[in-house]
Amino acid sequence: MNTRSGTPASHPPGFETMTLRSFLDVLAAKAPTPGGGAAASVIGAVAASLAGMVVNYSIGKKTLSQHEPALKDAIGRLHRASDLMLELADEDAAAYGLVNELSRLPEGDARRAAELPAAQIASGQIPLAVMAACVDLLMLMEELAGITNRQLRSDLGIAAVAAEGAGRSSWWNVYINASFLTEESTKNAWIQDADRMKLRCTELAAKVEMACR
């Protein structure tokens with residue numbers, strides 16, 4: 001989720017069915033959603049799918065036959081990771097749309113007072129979930145680095161960089177959303193978790209890149 005303001009627009013179609021051109025157009029539009037949070041999640045989905053290509057080129061390869069069970073398991077996990085990232089992109093756009101709508105209500109509005117705190121909490125939990133998914137994705141890529149087709153090692157390296165970028169990008173959404181919280185314990189917990197996962201993403205991506213050289 002980001003913190004842009006603007007005139008509320010109709011919610012775009014789900015990211016699973018949106019064309020790439022449509023996504024780029026709605027992302028560039030002067031509208032509250034989608035924003036950086038959805039973009040980070042979509043980048044995570046791209047990373048998972050690119051890693052899936054590497055695995056598909058490894059399955060059935062004689063020199064990697066001993067890794068066939070692990071590779072077949074990985075392709076399912078990567079597909080689920082891609083699906084999850086797109087779901088989180090939808091959730092992020094919806095969450096920020098609601099926060100934006102509620103924030104535009106007058107300070108004393110009953111609905112704003114009743115619903116905004118919970119909406120703000122949700123807006124931070126989603127990028128935290130994206131970061132956790134990126135950590136899981138990079139851990140899987142680390143496993144794959146030694147058991148996949150070396151001809152596609154650049155693709156796996158790029159997938160790792162993209163997954164790290166998605167995780168690091170989501171850190172910004174956690175950070176900015178935490179700044180609106182009034183409860184210091186929750187704010188500090190969010191930042192600590194986000195800092196830890198950001199570092200973990202960087203460490204794992206570096207390991208994958210080194211293994212791919």
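**Helix packing and its surroundings**

Mentor: The axes of helix H4 (residues 110-144) and helix H6 (184-212) come within 9 Å and cross at roughly 25°. Helices here are DSSP runs of H or I with at least four residues, and strands are runs of E with at least two, numbered from the N terminus. Axes are lines fitted to C-alpha atoms, for helices over the stretch in contact, with angles from 0 to 180 degrees between N-to-C directions. This is a predicted model, in which local features need pLDDT of at least 70 and side-chain atom pairs count only at pLDDT 80 or more, while totals for chains, interfaces and linings use all residues. Residues are numbered from 1 along each chain as its sequence is written, and side-chain values use heavy atoms, with hydrogens and water left out.

With that angle, H4 and H6 are roughly parallel to each other (under 35 degrees is roughly parallel, over 145 roughly antiparallel, 65 to 115 roughly perpendicular, the rest oblique). H4 passes H6 in a left-handed crossing, meaning that the near helix is turned anticlockwise from the far one by less than a right angle; clockwise would be right-handed. The contact of H4 with H6 has 16 nonpolar, four polar and five charged residues (Ala, Val, Leu, Ile, Met, Phe, Trp, Tyr, Cys and Pro are nonpolar; Asp, Glu, Lys and Arg are charged; the others, Gly among them, are polar).

Within H6 lies asparagine 188, which is partly exposed at 39% relative accessibility (under 20% is buried, over 50% exposed, in between partly exposed, with a 1.4 Å probe and protein chains only). From asparagine 188 to valine 161 there are 27 residues in sequence and 28 Å between C-alpha atoms.

Next come the cysteines. A search of the whole structure finds zero disulfides, a disulfide being a pair of cysteine sulfur atoms within 2.5 Å. The sulfur of cysteine 201 has its closest cysteine sulfur in cysteine 134, 5.4 Å away, which is too far for a bond. Cysteine 201 is buried at 0% relative accessible area. Cysteine 212 is in no disulfide either, its nearest cysteine sulfur being that of cysteine 201 at 16 Å; cysteine 212 is buried at 7%.

Arginine 213 sits in the segment after H6 and is exposed, at 70% relative accessibility. Setting aside neighbours within four places in sequence, arginine 213 is in contact (heavy atoms within 4.5 Å) with Arg150 and Arg153.

The crossing of H2 past H5 is left-handed. Among the residues making the contact are Gly36, Gly37, Ala40 and Gly44 of H2, and Ala159, Ala162, Ala163 and Ala166 of H5. By class, this contact has 13 nonpolar, six polar and one charged residues.

Serine 41 also belongs to H2 and is buried at 0% relative accessible area. Not counting residues up to four places away in sequence, serine 41 touches Met85, Leu88, Ala89 and Val130.

In the loop between helix H1 (20-28) and H2 is proline 34. A cis peptide bond joins threonine 33 to proline 34, with omega about -5°.
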